[in-house]
Amino acid sequence: MKFKAMTAMAALLAAPMVFAGGADDDVLTINEDLEMVTKTAAPAHMADDVDEIISGWHFRSDETQALQMDDFDNPGMIFVDQALDMWNAAEGSEGKACADCHGDAEESMAGVAATYPKWNDGAEEVRTLQMQVNDCRENRMGAKPFKYDAGAAVSMEAMITSYSRGMPVNVAIDGPAAAMWEQGKEMYYTRTGQLELSCANCHEQNYGNFIRADHLSQGQINGFPAYRLKNAKLNGVHSRFKGCVRDTRAETYSPGSADFIALELYVKSRANGLSVEGPSVRN
């Protein structure tokens with residue numbers, strides 16, 4: 001019975017689905033002041049796939065959307081406040097805080113999250129924002145690195161990201177980052193697991209349709225870290241990737257792995273032009 005159910009789900013997603021809804025036409029404005037770009041023309045590298053890119057905010061209920069429109073209602077902002085305390089707290093063998101090098105987070109971190117993941121010349125690798133934070137902790141503060149995509153790491157990423165809200169995602173995909181971007185793209189379009197599904201099957205071919213009584217979005221990650229009502233906590237994007245891969249009944253990767261770094265680079269680039277929203281609120 002279980003195998004039949006999985007086979008039926010795979011067949012349903014592999015074929016065109018009956019249109020069940022889609023993105024609404026609401027406008028996302030934070031604190032009645034900061035208007036977000038939540039729909040825009042697809043970046044050039046996606047021109048053959050979709051015409052318009054759409055934030056996941058448009059696929060949520062009115063009640064969920066409203067939570068993100070006011071920082072007092074957005075539960076993700078609690079974690080931003082916690083990270084601000086960490087930002088100013090001295091740690092490690094050097095007795096330094098983030099603020100000792102970077103000063104006021106609101107000023108120094110403005111625009112940073114919009115460009116990550118990005119190539120780091122010194123390390124000769126693509127780094128996510130969490131990787132960069134851990135590099136500072138280990139090599140400048142003499143402190144232990146945060147566990148990837150857990151607790152403090154996601155809170156710190158959310159705090160840094162919050163100071164880029166409203167700015168356009170602008171992830172570079174050329175130069176030395178191109179090889180990892182291509183790896184991420186291949187992962188996005190490769191069918192995996194017992195259900196033989198790819199990211200594209202859901203988020204490119206069937207967005208706006210229902211699955212498990214909820215709308216599929218385009219899978220844009222401009223809103224991460226995201227507070228999910230489902231698990232009542234702030235979630236990093238690698239944890240969401242892990243859940244998606246698990247749902248295809250495939251052996252998944254670990255948060256912080258090279259595979260998920262490549263996938264994050266590619267998927268984030270699909271949002272180039274949308275506003276940074278994190279921390280967002282999602283189902």
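Guide: The discussion below goes through the spaces, a helix contact and some backbone features in turn.

Guide: This is a predicted model, in which local features need pLDDT of at least 70 and side-chain atom pairs count only at pLDDT 80 or more, while totals for chains, interfaces and linings use all residues. Residues are numbered from 1 along each chain as its sequence is written, and side-chain values use heavy atoms, with hydrogens and water left out.

Visitor: How does one look for empty space?

Guide: Rolling a probe the size of a water molecule over the atoms shows where empty space is left. On a 1 Å grid over the protein atoms alone, a cavity is a set of points where a 1.4 Å probe fits but cannot get out. A pocket is an open set with protein on both sides within 12 Å along at least five of seven lines, and lining residues have an atom within 4 Å of a point. Grid points are joined across faces, edges and corners, and a volume is the space filled by probe spheres set on the points.

Visitor: How many cavities of 30 Å³ or more are there, and which residues line the largest cavity?

Guide: The count is 1 cavity of 30 Å³ or more, and the largest cavity holds about 130 Å³ of space. Its lining includes Ala113, Tyr116, Leu129, Glu157, Thr161 and Phe224. Helix H7 (151–162) and helix H11 (258–269) are the elements that give two or more residues to this lining. Here helices (H or I, at least four residues) and strands (E, at least two) are DSSP runs, numbered from the N terminus.

Visitor: What is the make-up of that lining by class?

Guide: The lining of the largest cavity has 7 nonpolar, 2 polar and 3 charged residues. In this scheme Ala, Val, Leu, Ile, Met, Phe, Trp, Tyr, Cys and Pro count as nonpolar, Asp, Glu, Lys and Arg as charged, and the others, Gly among them, as polar.

Visitor: Which residues lie nearest the centre of the largest pocket?

Guide: The largest pocket contains about 1200 Å³ of space. Of its 40 lining residues, His203, Leu216, Arg240, Cys244 and Asp247 lie nearest its centre. Helix H10 (237–247) is among the elements that give two or more residues to the lining, and H10 gives the most, with 6 residues. By class, the lining divides into 19 nonpolar, 11 polar and 10 charged residues.

Visitor: Which element gives the most to the lining of the second largest pocket?

Guide: H6 gives the most there, with 7 residues. The second largest pocket has about 260 Å³ of space, and His102, Met109, Gln132, Val133 and Cys136 lie nearest its centre among 18 lining residues. Helix H4 (98–102), helix H6 (129–141) and H7 each give two or more residues to the lining.

Visitor: At what angle do H6 and H7 pack?

Guide: Axes are lines fitted to C-alpha atoms, for helices over the stretch in contact, and angles run from 0 to 180 degrees between N-to-C directions. H6 and H7 pack at about 105 degrees, with axes 10 Å apart. The two helices are therefore roughly perpendicular (65 to 115 degrees). In the contact (heavy atoms within 4.5 Å), Leu129, Gln130 and Val133 of H6 meet residues of H7 including Ala153, Glu157 and Thr161.

Visitor: What is the phi of Asn31, and is Glu124 buried or exposed?

Guide: Asn31 has a positive phi of about 55 degrees although it is not a glycine, and Asn31 is partly exposed at 36% relative accessibility. Glu124 also has a positive phi of about 55 degrees, and Glu124 is exposed, at 59% relative accessible area. Buried means under 20% relative accessible area, exposed over 50%, and partly exposed in between (1.4 Å probe, protein chains only).

How values were computed: Angles under 35 degrees count as roughly parallel, over 145 as roughly antiparallel, 65 to 115 as roughly perpendicular and the rest as oblique.
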